[in-house]
Amino acid sequence: MNRLFGKLKRYRKIFIALLSLVILYSIIPLPGEMFDVDHSTVITDRNGKLLRAFLNEDEQWHFPDDPDIEFSDKLIKSVINFEDRYFYYHPGVNPVSLFRAIVGNITAGKVKSGASTISMQVIRLSLKKKRTLLNKLIEIFQSMKMEIRYSKKEILRIYLNNAPYGGNIIGANAASLRYFGKAPLHLTWNEAAILAVLPNSPGLISPLLNRDHLIRKKNRLLKKLLNRDIISEDVYRQSSSESVPSGLISFPSVSPHFAEYMKGVYGNKGTLIRATIDKDHQIRIEHLIKEHLKYLSTFGIKNGAVVVAETSSGKVRAYCGSQDFFDYDKNGQVDGARAARSSGSILKPFLYALAIDEGAVLEKTILKDIPSYFGSFSPSNASMKFSGVVTVKEALIRSLNVPAVRLLNFYGLHKFYLFLKSSGVTTLVRDPDDYGLTLILGGAETRLTDLVRIYRGLGNNGRFSPLIFSQDYLERGEARDLITPEASYLTLNMMRELKRPGAEFYWEQYQSKTPIAWKTGTSYGQRDAWSVGVSPDWTIGVWIGNFRGEGNPELAGYSCAAPLMFDIFNYLPKERSGEWFGRDGLNFKQVELCNKTGFLAGENCEDTVVEDAPPGPDVIPLCPYHKSVYVTLDEKFSVCSLCWSEGKYKKIIKLLFPPDVSQFLREKGDIVDSIPPHTKGCSSGSGSNPIQILYPVKNARILIPVDFNRKVQNITIRVAHKFKDKEIFWYIDKTYKGVTKNKHKMIIDLSPGWHMLEVLDSDGNNAKRRFYISFTRSS
């Protein structure tokens, strides 16, 4: 027993030392977070290609780990053979190297070797503490613990992502791009050797500092790789003869507006943002917009923006905030894709789609296109001309303002406003009544990103959802079914028939013809030009104008924005080339329409056609214009049951428009159906009042400008009569003012205050209208 205790006593010191090591191993923790540092914000495209990188707060290029980035086998072998040959075999510490280092340092009387393994270097880089014996001991235990928690592959990846590579470059990914302009997967042996030796003394050597010393270290490593049969003699000779880079390569700056936006939303603290942008498409479209604006600049038009999204997914594939981010003279840093600009008439398709959904109209339905008055607001078409009546399809294709305003007034301003907000228009900050009926003509502002979003919704069967900018982060907002797929399809069908600009006019004759539904818009004062197109593959939005807001007489959606939109559309690949939105799964109902008015065919509609309509319960109104009329045999007089004679009357069908339309068409020179005057002496009279006061509207308050010379402008009053050649007698405040025939309008000079207008015809029919006049001085 005494002999046993003697042996234990002999090994007591060794036992205590081992026990102390176990205790130290147990109590020394790993860092809570490995490299919890401020990374650069890095934005990559859909395929992992770098779009833009931003310096971190320490002004360093320190990329976050990207799981899609692979490090080449050449780089890994170079690093291991330079730093830690037995990396895959030791438990975090190489005891042979450690013993050799201790002996060598004691013999030399100073520290010549630290025997650091890659695992120990990871710990040291993470802790960033001074090199002392105590810290070295801590590194040893922590590296051993790290080997238990992480695999060798993970440890090596941590090292490569956080090792210093000279200057303000941290990590092999950033170094590979900065020095060689390529991803680390594609490094040559020469380049891999350079990156392997740089972390050893990054403050002393780099491609820009002590280049000769770097070349010697690189070549020594290559020689070591040769001696260990990792590379061949030929590879060694070629690699060792290659030089090191003489300068730094700038990181790419593709879609800089998009990158700035994404950094602000998702990457303020430094992160990897995998965007939906396609770098190849982005570069090509940046070139197209730059060339297009170079041409338009000769007319004083300086700026433009483009957003392209996939129609099916909503993923944004290209985003150009301006013609050139670095065009400082033309305010290229402004992000035109998110700038709020007047919408012009670009929102009209949605009003027509909603009206179709509600059963108010179909594409053949006729709308009034005549001088119209809504209080003090009197819309006009861009051509300053009117057609009398037009079909919905013609009104949309020609982008007529008057029919659109009248339809909005009928459909409901508040309903349309709520649709726009629900569909994704983010710029409606006022109440709907503040915008009024001008909402459909550009009275509100919108963003290009919003327009691409809602047009894409129209192409997505009426389901509206946010655009997708990132593969990792979803935009807020749920998908909403706001328009039926059937109404969306009918609206897109009308939009595809717009005549394209320039050589695109003959697109249907091309072998590679591909249809697209599109619309343009031009804001008041010609400050903004829009063009948005939708196909089964792509939704493309273009804005053209001047960021400073000045108008330009040459600026128009059709001539300035549409050509660029078609250039982009023709460039983009088409998975379904030549195909259109499918009808499969759509639940149309068949309705019989009057072929001349587009309303539901009534008993008096002799020419009918069957058309598709949405499946809802709402049915388009009966044709209000075809009416049966009883007339004398010579059709000179209309009769009724109180005045007709047996066998001396007949029934005829007439297309009878209301007085305002009939009056306009007659003044235009068109032949218009009318009812013959009623038989004289009949007690029933002629039925409804044939006189209609067009302007002013009831209880209107009219502001009359007064010039600087105190000359008061006159007011033009307009009246319509159902019958041709009827005379109308005019009275203002019971004072006779004159008589008109055929064209019933009168220019009158009136004093401020309330006035009463009364008009009469020779048959005693009359109409009255009260209105108020006030003066305002012209500015």
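This is a predicted model: local features need pLDDT of at least 70, side-chain atom pairs count only at pLDDT 80 or more; totals for chains, interfaces and linings use all residues.

Student: OK, how many bridges do β21 and β23 have?
Tutor: Four, and β21 and β23 (residues 715–721) pair in the antiparallel sense.

Student: Which sheet are they in, and what's its strand order?
Tutor: An open sheet of three strands, in the order β21-β23-β26, with antiparallel pairing. β21 (691–695) and β26 (745–748) are the edge strands, each pairing on one side only. On average, neighbouring strands of this sheet are turned by 25° against each other, direction ignored.

Student: Which helix lies across β21 and β23?
Tutor: That's α22 (residues 659–668), running at about 105° to β23. For such angles, axes are lines fitted to C-alpha atoms, for helices over the stretch in contact (heavy atoms within 4.5 Å), and the angles run from 0 to 180 degrees between N-to-C directions.

Student: Where do I find a positive phi on a non-glycine, then?
Tutor: Glu 59 is one of them, with a phi of about 60°, and it lies in the loop between β2 and β3 (61–62). Met 384 has a positive phi of about 65° and isn't a glycine either; its loop runs between β9 (366–369) and β10 (388–391).

Student: Is Met 384 buried or exposed?
Tutor: Met 384 counts as exposed because its relative accessibility is 59%. Buried means under 20% relative accessible area, exposed over 50%, and partly exposed in between (1.4 Å probe, protein chains only). Glu 59, at 49%, therefore counts as partly exposed.

Student: Switching to β24: which residues are on its covered face?
Tutor: Ile 728, Trp 730 and Ile 732, while Glu 727, Phe 729 and Tyr 731 make up the uncovered face.

Student: Why every other residue?
Tutor: In a regular strand the side chains alternate between the two faces of the sheet.

Student: Which strand does β24 join with six bridges?
Tutor: β25 (residues 735–741), and the two run antiparallel. Ile 732 has Thr 735 as its bridge partner there. In the hairpin of β24 and β25, two residues lie between the strands, and Asp 733 takes a positive phi near 50°. β24 also has five bridges to β27 (residues 753–761), again antiparallel, where Trp 730 is partnered by Val 759.

Student: Now a helix. Why would you call α20 largely enclosed?
Tutor: Because 10 of the 11 residues of α20 (residues 485–495) are buried. Those buried residues pack against α14 (348–357), α15 (392–397), α19 (448–459), β14 (517–522), β15 (528–534) and β18 (608–613).

Student: Last one, Glu 147: where is it?
Tutor: In helix α6 (residues 133–149). At 15% relative accessibility, Glu 147 counts as buried. Glu 147 and Pro 91 are 56 residues apart in sequence, yet their C-alpha atoms are 6.2 Å apart in space.

Student: Which side chains does the Glu 147 side chain make polar contacts with?
Tutor: Ser 119 is one, at 2.5 Å, and Lys 152 is another, at 2.9 Å. A polar contact is a pair of N or O atoms within 3.5 Å; within protein, one must be able to donate a hydrogen and the other to accept it, and residues adjacent in sequence count only if both atoms are side-chain atoms.

Definitions and conventions:
Residues are numbered from 1 along each chain as its sequence is written. Side-chain values use heavy atoms; hydrogens and water are left out. Two strands pair if DSSP finds at least two bridges between them.
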